[in-house]
Amino acid sequence: MNEKATYIVMLGPPGAGKGTQAEILAQKLGLVHVSSGDLFRENLSNQTELGKLAQTYMRKGELVPDDVTIAMVKERLSRPDCAKGAVLDGFPRTPAQAEALNKILAEMNAKVDLVPLISVPNDVLVERLSGRWMSKSGRVYHALYNPPKVKWVDDIDGTPLYQREDDKPETVQRRIDVYYEQTAPLIDYYRQAGLLVEIDGTQEIEKVTEDILKAIK
Ligand code: ADP
Ligand code: AMP
């Protein structure tokens, strides 16, 4: 019989460190990192219809509608590499998405196992997002807190790093507001389900990972 699959949902405002931690956890636990933002950005760089639609929302810092977002993540989770489980980052972001995720996982005889909520105050979020450098393949750096070995160059594949269009200050503020308006209700939703663990995201990256791993065990 297959070992039980593990599904972890990273929760927290933009810039809290969800992507950074999801990547580390996925590696350490042998799971797949599924980032809805990365999936949209991949669609955008391939100029798919979904990518073009998503961009109209992303550039304003608004959420992409639930139906297309849910369909995209459902398709990703149905691929064989997710059979052992996944670390979800950026999804779910609304109560409707959380309900949809439960349904998708139930169809796979699985469920959400743990929801680390990474908390970071707003002023720190803004500082983190303004210094965030991304690689084309989704690796995340910070100009000061997690710099690449060579400025603006990805450590792993040597490709140039870039700043996200939606990391500019006006959009960052809107994204933080959208988080508190539309995503924060998930905190109580997962707390009531007994799945939430609160993690202090202001600590160093390694310490945040350590706290999440403790909660997993
Ligand atoms: P999210 O996925 O929640 O939007 P990211 O993982 O992309 O956040 O992190 C946002 C920025 O903050 C990145 O530049 C990342 O390198 C940096 N960062 C992440 N975790 C920490 C941390 N614990 N301390 C300092 N900087 C961090
Ligand atoms: P992220 O990379 O998680 O910061 O997401 C970047 C942008 O992609 C968001 O500001 C939204 O416009 C869009 N997005 C990502 N995930 C979702 C989601 N689960 N629901 C709706 N929109 C999303």
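Start by selecting Asp167, in the loop between β6 and α7. Keep in mind as you go that this is a predicted model. Is Asp167 buried or exposed? Its relative accessible area is 7%, and the cut-off for buried is under 20%, so Asp167 counts as buried. Now show what surrounds it: leaving out residues up to four places away in sequence, Asp167 touches Leu129, Ser130, Arg132, Val172 and Arg175. Asn46 and Asp167 are 121 residues apart in sequence, and their C-alpha atoms are 21 Å apart in space.

**Next stop: helix α6**

One of the residues touched by Asp167 is Leu129, and Leu129 belongs to helix α6, so select residues 122-130. Which residues of this helix are buried? They are Leu125, Arg128 and Leu129. Turn the view to look down the helix axis: these three cover an arc of only 95° around it, which puts them on the same side of α6. To see what they pack against, colour β5 (132-134), β6 (140-142) and α7 (169-183).

Stay on α6 and pick Asp123, which also lies in this helix. Here the picture is another one: with 58% relative accessibility, Asp123 counts as exposed, because the cut-off for exposed is over 50%.

Ala26 has 6% relative accessibility and counts as buried. What is Ala26 in contact with, once its neighbours within four places in sequence are set aside? The list is Leu31, Val32, His33 and Val87.

Then move to Gly37, in helix α2. Gly37 is buried as well, with a relative accessible area of 17%. Where does Gly138 sit relative to Gly37? Although 101 residues separate them along the chain, there are 9.4 Å between their C-alpha atoms.

Most residues other than glycine have a negative phi, and most peptide bonds are trans.

Begin with Gln47, in the loop between α2 (36-45) and α3 (49-58). Gln47 is not a glycine, yet its phi is positive, about 55°. With a relative accessible area of 47%, Gln47 is partly exposed.

Next, select Asn109, in the loop between α5 and β4 (115-119). Asn109 also has a positive phi, near 60°, and again the residue is other than glycine. How much of Asn109 is accessible? Its relative accessible area is 76%, so Asn109 is exposed.

Finally, show the backbone at Phe91 and Pro92. The peptide bond from Phe91 to Pro92 is cis, and omega is near 0°. Pro92 sits in the loop between β3 (85-89) and α5 (95-107).

**Zoom out**

You can count 9 helices and 7 strands in the protein chain. Along its principal axes, the C-alpha trace spans about 45 × 40 × 35 Å. How does the radius of gyration fit with a compact globule? For 217 residues such a globule would have a value near 17 Å, and the 16 Å of the protein chain agrees with that.

Among contacts with a separation of 6 or more, 70% are between residues 24 or more positions apart. Of the 217 residues, 48% count as buried.

To finish, show the surface. The accessible surface of the protein chain comes to about 11300 Å², and 54% of this belongs to carbon and sulfur atoms. Colour by charge, and you will find 28 positive and 32 negative side chains. The centres of these two sets lie 2 Å apart.

Notes. Residues numbered from 1 in each chain as written. Chains lettered and ligands numbered in written order. Predicted model: local features only at pLDDT ≥ 70, side-chain atom pairs only at ≥ 80, totals over all residues. Heavy atoms only, no water. Helix = DSSP H or I, 4+ residues; strand = E, 2+ residues; numbered from the N terminus. Rg over C-alpha atoms; globule rule 2.2 N^0.38 Å. Buried < 20%, exposed > 50% of the residue type's maximum accessible area, 1.4 Å probe, protein only. Contact = heavy atoms within 4.5 Å. Areas by Shrake-Rupley, 256 points an atom, 1.4 Å probe, with all protein chains shown as cover. Lys, Arg positive; Asp, Glu negative; His and termini not counted. Charge placed at Lys NZ, Arg CZ, Asp CG, Glu CD. Arc of directions from axis to C-beta.
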